[in-house]
Amino acid sequence: MPFCVVLLAFSLENPTAQQPPTRIPLAPEAADLPAGGVTLSGRVVSAADGRVLRGAEVAAANPRVGARSTLTDGDGRFELPGLIPGPWTVTISKAGFVTQQSGQRHPSQPARPFQISGDRDYTVEFALVRGGVVAGTIVDQFGEAVAGAQVDILRSRMVRGRRQLAAVASSDVTDDAGAFRLHSLPAGDYYITASLRAAPSESELSIASRQPTYFPGTPNATEAQRVTLSAGEERSGVIFPIVPPNAVRVSGTVVNAAGMAVEGASVELLNASDFSVAARAFGNFGQTYENGRFTMLNVAPGSYVLSASVARPTGAESAFLPINVGVDEVSGATLVASRGATVTGSIAAIPGSTLPPLTRVTVSARSMRSSEVRTASLERGTAFTLRGLAGPYAIGVDGLPTGWGVASIDLDGSDVADGARDFPAAGQFTARIVLTNRLAEVTGVVSSNREPAPDVDVVIFPDDAGKWTYPSRLVRAAKADASGRFRITGLPPASRYLAIALDYLEQDEYQDTELLDRVRARATAFSVGESENASIELTLVRR
């Protein structure tokens, strides 16, 4: 039987009006399985005009045997023989074009492995999109060109409901004219940083010189300006000065709950803003030394939270201290560790229902400042105790039986089922978690040009922007299946939800309030009551 494989190429015309994925018709080819394994072959072309791309790298990776790679020939063709049956992640790259991986609609999405069976060869064709370019000049405070500066480009992503910056692959070092060129970039919003690389690597000056400056010339990430690229766009003339290194020291002392200075406590510097890059701590490797003292170097201006963790036989202690860093040294900061707050509570069912067996249920507290998760197993069937909470945590329930969800989490008179609660360094709190088996469900289908739209992303969120908290039961995302159908369960009843189907979402992007605000005018409104099943039809919206 003839066999044909289609690997979709993404099309990125601009960040607000994406075009549908390019589908390249392939001539069906099939062959008996050769003795050396399966062969993956095909062509690589330009998505803009279909011309063949010579010298493009084609790599296929399998978790069992590693990676195989080759280059396209003068006709844009490639051949990868000897592939064993199983999942293979295929990556196509060429300078000047956006790197593409199998299963992607957008380069920020994770790759989806291509499944190879053992009885046929495969022929495929990839269409690469021309990449964008950002070019410019880095100068010093006198307007003179800076040679040898490291220039990086960053994109924002959502991490635990907060926007953070992460580097992308493209980077450059300025030449003798201070010029840089960052290429092969997908369409989107970017942030550019520059840093010096002049001093010996072990010196304190080197540490300070690596402090980044953000375009248009600020050491503070919250003051950075975005550079927006459409597909294949070249943005030149980006000029900004490197801010002279400001090696601000932050120093202080950590004491435990008994008031004793602690040597060997872990100290971190956490970003306090909702838009940030990961804070870097230099000096003493983030540990206190004699008399509980610590020193951190190269702290850029901004708002931070000093965090300390103290290990004790009676249980870990922690401390948090907000600080603002300007141009002057911050000294004398004292972090007093404590055992944190304690939450005791129980689980009940809504009136008229009986609790199911809760043998696998745990209650969790997830930190909004780090990846820390504290958990508590149930005692006496429904009781639980969470200890050591200091700072913002979200309370949740894991391992619920099928058909059950959280109706409310009452914490001393306030419902904290959605969002986070900031706990003081010490204190006792009482919680009552109410579960419900009267869950609302939303099902529907997504179409494009009157045809089902497969594998697209659906976001459901309340019309009230004040409820766009993180985490939330009211803001949800789902992936439509191969028939364009989707299903979301466990929504709290509400008189006005909004739903929208987008051609792609970046990782956890549905948590981004900017995205929700941008698409709400094109969303479809609906309502759903307790135990109701709402059915909606959505038309695909291209970004």
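This is a predicted model: local features need pLDDT of at least 70, side-chain atom pairs count only at pLDDT 80 or more; totals for chains, interfaces and linings use all residues.

I took helices (H or I, at least four residues) and strands (E, at least two) as DSSP runs, numbered from the N terminus. On that basis I find 2 helices and 40 strands in the chain.

Residues are numbered from 1 along each chain as its sequence is written, and side-chain values use heavy atoms, with hydrogens and water left out.

I checked burial next. Of the 543 residues in the chain, 48% are buried (under 20% relative accessible area, 1.4 Å probe, protein chains only).

I then looked up one sheet, where two strands pair if DSSP finds at least two bridges between them. The sheet is open and mixed, with 5 strands in the order E27-E24-E32-E29-E30. Why is one side of E27 and of E30 left without a neighbour in the sheet? Strand E27 (383-389) and strand E30 (414-415) stand at the edges, so each has a single partner strand. E24 (residues 340-349) runs antiparallel to E27, and 5 bridges join them. Alanine 341 has leucine 389 of E27 as its bridge partner.

Last, I turned to the lining of the second largest pocket. Strands E10 (150-159), E11 (162-173), E12 (179-185) and E13 (188-195) and helix H2 (513-519) each supply at least two residues to this lining. E11 gives the most, with 6 residues.

Methods. Buried means under 20% relative accessible area, exposed over 50%, partly exposed in between (1.4 Å probe, protein chains only).
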